[in-house]
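Here is my note on the model. Please keep the structure open while you go through the points.

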Amino acid sequence: MRIVILPSADDVAEYGAAVFIRQLTNKPQSVLGLATGSTPLALYQLLVSACRRQHVSFARARTFNLDEYLGLAGDHPRSYRYFMQQHLFNAIDILPQNTAVPDGTANDPVTACLQYEQQIADAGGIDLQLLGLGRNGHIGFNEPASSLGSRTRIKALTQATITDNARFFQAGEYQPHLALTMGIGTILDAHKVLLLATGTHKARAAKAMIEGPLSAACPASALQLHPQTTVVLDEAAATELTDVEFYRHIERENQALVKRLSSQ
Ligand code: GLP
C-alpha cells in the first residue's frame with residue numbers, strides 16, 4: 001500500500017483528480033471504477049472543470065460504479081445512479097451507454113449481479129478503481145464479515161451504515177437496508193485502486209485498514225493484498241496511525257525519485 005498523507009481534504013481531492021487525469025491521458029479508453037458518498041464529490045468537481053477546460057476527456061472511457069441501493073430506480077434522487085448523473089456524468093463528455101451502475105430495480109437482482117461481473121470482464125477489467133471508506137471499514141457496501149473473496153451480490157447494510165447514510169435521505173423517507181455491491185474480490189481484481197478518506201471520523205477505519213490485521217472485520221484491510229493500492233488521507237484521517245512518520249518518509253523518497261528520474 002502506498003500511503004499519502006496531505007494537509008487537507010481539498011489536497012486529497014486534487015491528488016485524486018490528478019491520478020484520474022493521468023490515467024485518462026495515458027489510456028483514453030480506460031475502464032474506471034467509481035464511488036459515491038461525500039468523499040469523492042470534490043474530486044468529481046475537479047474532473048468536471050478539467051473536462052470543461054478540455055484538460056481531460058471521458059469520450060472513450062467506460063465506468064462501473066461500486067454499488068446501488070436495492071429497490072431504488074435510477075431516477076430516484078437518493079439512488080447512486082442519480083448521484084452519478086448529477087455530480088459527474090451529466091457534466092462530462094462520457095457516452096451514457098458507457099456508464100454502468102448496478103440496477104437497483106432489476107427483476108432478478110441475483111442474475112443482474114452476475115451480469116454486472118460479466119460486463120466488467122467483457123470490458124477488459126477495471127483499470128482504476130476509486131474507493132471511499134466507511135466509518136466501519138466498509139468498501140463499496142461490503143460490510144464487516146463480508147467474504148474477502150466476494151463478488152457482486154446483494155448485501156444487507158449494518159445499522160451503522162444505515163445511520164451514517166441517513167443524512168442523504170429526508171426525515172420519514174424510505175431508506176433501503178439492502179444494496180447491490182461489487183464484492184471485495186471484484187475490487188481486488190482492479191488493476192489499480194485509489195482510496196480516499198478524510199476527516200477524524202475515518203481515522204479508526206484508516207488505522208484498521210492500513211495497520212490492522214487482514215480481517216473481514218475491516219473489509220478495507222483486504223487492500224493489503226492488492227499490489228497497486230494508493231491510500232490518500234488528510235491529516236485528520238491519519239491521526240490514529242502509528243507509523244505515520246515512516247509513511248511520510250517513504251513518500252518523500254518517492255517524490256525525490258520521481259524528480260530525479262524526470263530530470264534525467
Ligand atoms: C457509502 C458507500 C461507500 C462510501 C461510504 C463512505 O456507504 N456505499 O462507497 O465509500 O459510504 O461515504 P462518505 O464518503 O460519504 O463518508
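1. Which strands and helix do the buried residues of H1 pack against? They pack against strands S1 (2-6), S2 (31-34), S6 (128-131), S9 (192-197) and S10 (229-234), and against helix H2 (41-52). Contact means heavy atoms within 4.5 Å. Helices (H or I, at least four residues) and strands (E, at least two) are DSSP runs, numbered from the N terminus.

2. A word on the source. This is a predicted model: local features need pLDDT of at least 70, side-chain atom pairs count only at pLDDT 80 or more, and totals for chains, interfaces and linings use all residues. Residues are numbered from 1 along each chain as its sequence is written, and side-chain values use heavy atoms, with hydrogens and water left out.

3. The buried residues of H1 are Val12, Ala13, Gly16, Ala17, Val19, Phe20, Gln23 and Leu24. They cover an arc of only 155 degrees around the axis, so they sit on the same side of H1. That arc is taken from the directions from the helix axis to the C-beta atoms. Asp10, Arg22, Thr25 and Asn26 are exposed, on the face turned away from the buried side. Buried means under 20% relative accessible area, exposed over 50%, partly exposed in between (1.4 Å probe, protein chains only).

4. Now the ligand. A polar side-chain atom of Arg167 lies 2.7 Å from a ligand oxygen atom. For His138, a polar side-chain atom is 2.9 Å from an oxygen atom of the ligand. Gly140 uses a backbone N or O atom, 3.1 Å from a ligand nitrogen atom.

5. Cysteines: the structure holds 0 disulfides (pairs of cysteine sulfur atoms within 2.5 Å). Cys113 is buried, at 3% relative accessible area.

Conventions
Polar contact = N/O pair within 3.5 Å; in protein donor to acceptor, adjacent residues only side chain to side chain.
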